[in-house]
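Here are my notes on this one, written for someone new to reading structures. Have a look at the model first, then go through the points in order.

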Amino acid sequence: MRKKLVIGNWKMNGGRATNARLLADVVSRVSGADGIDIAVCVPFPYLGNTSQHLFGCRVGLGAQDINEHESGAFTGEVSGSMLIDFDCHFVLVGHSERRDLFGETNERVAAKFEAALKSGLEPVLCVGETLAQRNAGQTNEVVFEQLQAVVDRVGVSRLQDGVIAYEPVWAIGTGETASPAQAQAVHLALRDYIRALDSQTANDVQILYGGSVKADNALSLFSEPDIDGGLIGGASLDADSFSAVCLSAKAAS
Ligand code: PEP
């Protein structure tokens with residue numbers, strides 16, 4: 001039985017004072033959400049402070065990106081061992097904003113996935129199609145290609161050491177969510193694609209949904225059989241919304 005997992009992605013938002021309030025409120029409000037895993041991925045400068053705030057709490061810590069190299073002359077970049085130093089457990093790789101705004105290719109994302117595994121982090125591989133690709137009937141082709149690049153790099157069984165997040169680009173930050181049936185269809189397609197390579201990995205790997213998940217749509221999405229939780233952007237910046245999403249994951253588990 002796969003455990004539900006809810007990860008907040010703060011993106012480039014926050015500040016020392018607002019983070020402290022948000023984290024305190026989230027931690028107190030998710031205390032009833034036992035039996036599921038919860039984490040927040042915060043901007044790099046706040047990892048140290050957030051790690052202190054979350055010490056001993058059930059909310060885990062993650063980062064939003066990683067450089068694929070271990071160290072060296074890569075100005076402005078952050079390595080896996082640095083993230084481990086700040087108690088990160090998760091790291092997002094291949095978020096659509098990184099792919100789109102910063103030109104990250106499938107191959108680079110796969111290298112980042114591998115670097116995260118080597119550092120002892122749990123990579124969260126984000127995959128998803130644009131609206132044009134969906135309208136052209138290319139959804140499965142796009143997400144399979146994104147996934148296959150990682151499989152080529154690390155082997156299919158290593159997918160179990162990370163998490164997959166299906167995030168249709170047209171649903172991210174737009175207020176437009178995939179319907180539970182639309183999301184489930186892609187989650188099942190991804191799981192079947194993996195099953196053709198390794199059935200144990202297909203059964204075990206968590207596949208999260210992301211894209212305008214909020215308190216009022218989380219339960220119906222998380223109740224689908226192949227949706228194992230969510231990657232939450234905007235709603236993770238509000239303690240009431242994020243904790244309601246976490247409690248929906250518990251209700252669906
Ligand atoms: C995200 O950034 O991964 C995301 C899903 O954002 P939002 O929930 O705001 O659509």
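1. Some ground rules. This is a predicted model, where local features need pLDDT of at least 70 and side-chain atom pairs count only at pLDDT 80 or more, while totals for chains, interfaces and linings use all residues. Residues are numbered from 1 along each chain as its sequence is written, and side-chain values use heavy atoms, leaving out hydrogens and water.

2. Now the ligand's surroundings. There are 14 residues around the ligand, and Lys-11, Glu-167, Gly-173, Ser-212 and Gly-234 come nearest (a residue is near if one of its heavy atoms lies within 4 Å).

3. What holds polar atoms up against the ligand's oxygens? From the backbone, an N or O atom of Gly-233 lies 2.8 Å from a ligand oxygen atom, and a polar backbone atom of Gly-234 is 2.8 Å from one. On its own the ligand exposes 290 Å², of which the protein buries 96% (areas by the Shrake-Rupley method with a 1.4 Å probe).

4. Next, the barrel. It is closed and has 8 strands, in the order β1-β2-β3-β4-β5-β6-β7-β8, paired in parallel (strands are DSSP E runs of at least two residues, helices H or I runs of at least four; two strands pair if DSSP finds at least two bridges between them). Ignoring direction, neighbouring strands are turned by 25° against each other on average.

5. Look at β1 and β8 together. Strand β1 (residues 5-9) runs parallel to β8 (residues 229-232), with 4 bridges joining them. Gly-8 has Ile-232 in β8 as its bridge partner. Helix α11 (residues 239-252) lies across β1, β2 and β8, at about 160° to β1 (angles run from 0 to 180 degrees between N-to-C directions of axes fitted to C-alpha atoms).

6. Most residues other than glycine have a negative phi. Yet Lys-11, in the loop between β1 and α1, has a positive phi of about 50°. Ser-212, in the loop between β7 and α10, has a positive phi of about 55°.

Technical notes: A polar contact is a pair of N or O atoms within 3.5 Å; within protein, one must be able to donate a hydrogen and the other to accept it, and residues adjacent in sequence count only if both atoms are side-chain atoms. Contact means heavy atoms within 4.5 Å.
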